[in-house]
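Hi,

Here is the structure I promised to pass on to you.

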Amino acid sequence: MKMTDIDIKSLIKNRKKTDLQTMISMFLIKFFTYSIVAVLFLILGKIVYEGSAVINRQFLTSAPQNNMTEGGIGPAIFGTLVVVFLMILFAVPVGIFAAIYMSEYAKDNVFNRILRVTVNNLAGVPSIVFGLFGLGFFVLFIGRGYDSIFGAGLFLGKPAMLWASATLAILVLPTIIVSSIEALRAVPRNQRIASLGLGASKWQTIKNVVLPQARPGILTGVILSISRGAGETAPLLFLGCAFFLPQLPVGYLDLGLFSIPMINPAEQFMYLSYHIFILATQSTNPTITMPIQYGTTMVLISIVILLNLTAVIFRYKFRQTMNEIKRV
Amino acid sequence: MRKVKIKVNELSVFFNFLQALNRVSIEIYGNKVTAIIGPSGCGKTSFLRTINRMNELIIGFRKKGEVLIDNINIYNNNIDVVNLRRLVGMVFQSSNLFPKSIYENLAFAPKIHGIKDQKIIDELIEETCTKAAIWEEIKDRLEVNALTLSAGQQQRLCIARALTIQPDILLMDEPASMLDPISTAKIEELIFDLKKKYTIIVVTHNMQQAARISDFTAFFYLGQLVEYDKTTKLFTNPSNKQTEDYLTGRFG
């Protein structure tokens, strides 16, 4: 009894045919993959080549001079660091606590499912929309509201670092929440059972067992979202990003006998990504500023790549711990 | 002189629409080892987990009937489940140590329960590890990651960890099912020692093991308690036909 009509000869024929198909598809797959990598390296290579020529200590610390055609990008680095720092301060606690609630406490009902879908969708909203939201909600509603209630003149009711970082925080919040939920869920059930079985309460279990194990996973998400926030430009257009500021957004806090310098979050700021944008499109002579653009880009990309590398290391550690637990 | 430690009345357990236990009534005696035997899926583990209310962590759990420990119904509304689990310790089928050092695993429960004095914790750890017959093997490497220990050591460490909460009752869900004969022998010896202080309930698939270590044996089948008697009696002269069939290997 023959099962099929295929005999050995037809197999040989088919094999040749498959070989050709495989070769073509393999070639295409490799070609596209390598082209992407090649494009990436072309861009990076060009930036590093041009950028490293201008980057030195003075470039990193001094302010732009001579109508932006000379000088450094110190204020833009400063502004980026401060805004990102404030963003972390706003986004990380909120994001992690929201994730703990949604993964550990929220019951599986319609409301919570809608909540989850909403958070996921929020991650897909274009960043310019977040910018407009920040302008409307933070600057005009909260800021102006504060000013008119407390008669503070024009104190918080204007685009400023505070609102830029708050808006960026909301922008990166969904990413933090989603990745944190995933990290929390990856902690095996038997670990929670072990802790509860030892008479730990639910919160003690989360705090002492689940969170420490999920920490590298959570950090991965946090760092990736920070690097996203650091590279963001569009929402900052409305939120106090300045073309050029003669002074750093630092105010002096008067304490009577003496005063201490304090970063003033109610001030405008300069930002690396926005700096690239204005040098390339808004400045008087984009050609002359080319070297500065390359230098700025290299600094920005270095920050982002550095953050992503840290994230990779944390993710590696996280996977290792999880595998260790599961191997038992 | 036998003291009833746990009294279960007409206990039925459901997981969604699946009935795991059907009107089980049993009295478990203090400072004795009670073995629970029966084929897979007969409700052994479900029964065990009702005693420290671990079943509640499973979605869809419902129960009827009552479970009394020292004459107090542990399913009363005013019972603090978290504290109940300090009274009723549990050792699980597979070791579930935390990916931390041996010391941190052992100090976890005392710390959570508010013991701050380092000396008391250290003494407690040494005491429980000695009881669990693991102290000699780990005393020089308490800072090593617990997951680097062998499977047998891990399971004994789990027992030691369960003892650090200083429970009254110790539930063991097939504590030796994944171990080699030598580790199994150690754990069996240990169970024998522990009954001086604790009331122990052991779920096991291994009938020889039940015969070796327990004072009383309960045979569960299809969610029902078929027979419950002194181990010597149940194994030599079972009064129920089903028990006899199971023990002689005619099914299960």
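**Salt bridges and cores**

Lys196(B) has a relative accessible area of 64%, so this lysine is exposed. Please keep in mind that the model is a predicted one. The partner of Lys196(B) is Asp193(B), and the two form a salt bridge in which the closest N and O atoms lie 3.7 Å apart. Asp193(B) is partly exposed, because its relative accessible area is 43%. Also in chain B, Lys5(B), Asp70(B) and Asp168(B) belong to one network, joined by salt bridges that share partners.

How many salt bridges turn up over all chains? A search of the whole structure gives 18. Two others may interest you.

In chain A, Asp108(A) and Arg113(A) meet through their side chains, with a distance of 3.1 Å from N to O in this salt bridge. Asp108(A) counts as exposed, since its relative accessibility is 58%.

In chain B, Arg156(B) and Glu137(B) form a salt bridge whose closest N and O atoms are 2.9 Å apart. This pair links distant parts of the chain: Arg156(B) sits in helix H6 (residues 151-163) of chain B and Glu137(B) in helix H5 (residues 135-138) of chain B, 19 residues apart. Is Arg156(B) buried or exposed? With a relative accessibility of 3%, Arg156(B) counts as buried. Glu137(B) has 27% relative accessibility and so counts as partly exposed.

Now to the nonpolar side of things. The largest nonpolar core has 100 residues, and the members that touch the most others are Tyr271(A), Ile138(B), Leu157(B), Ile159(B) and Ile200(B). Which helix gives the most to this core? Helix H6 (residues 161-186) of chain A does, with 14 residues.

Tyr271(A) deserves a look in your viewer. Leaving aside residues up to four places away in sequence, Tyr271(A) touches a list of residues in chain A, among them Ala76(A), Val83(A), Val84(A), Leu168(A), Leu236(A) and Cys241(A). The contacts of Tyr271(A) also include Gly79(A), Thr80(A), Gly229(A), Ala230(A) and Glu232(A).

Best wishes

Terms used:
Residues are numbered from 1 along each chain as its sequence is written. Chains are lettered from A and ligands numbered from 1 in the order in which they are written. This is a predicted model: local features need pLDDT of at least 70, side-chain atom pairs count only at pLDDT 80 or more; totals for chains, interfaces and linings use all residues. Side-chain values use heavy atoms; hydrogens and water are left out. A salt bridge is a side-chain nitrogen of Lys or Arg within 4 Å of a carboxyl oxygen of Asp or Glu. Buried means under 20% relative accessible area, exposed over 50%, partly exposed in between (1.4 Å probe, protein chains only). Helices (H or I, at least four residues) and strands (E, at least two) are DSSP runs, numbered from the N terminus. A nonpolar core is a set of buried Ala, Val, Leu, Ile, Met, Phe, Trp, Tyr and Cys residues joined through side-chain atoms within 4.5 Å. Contact means heavy atoms within 4.5 Å.
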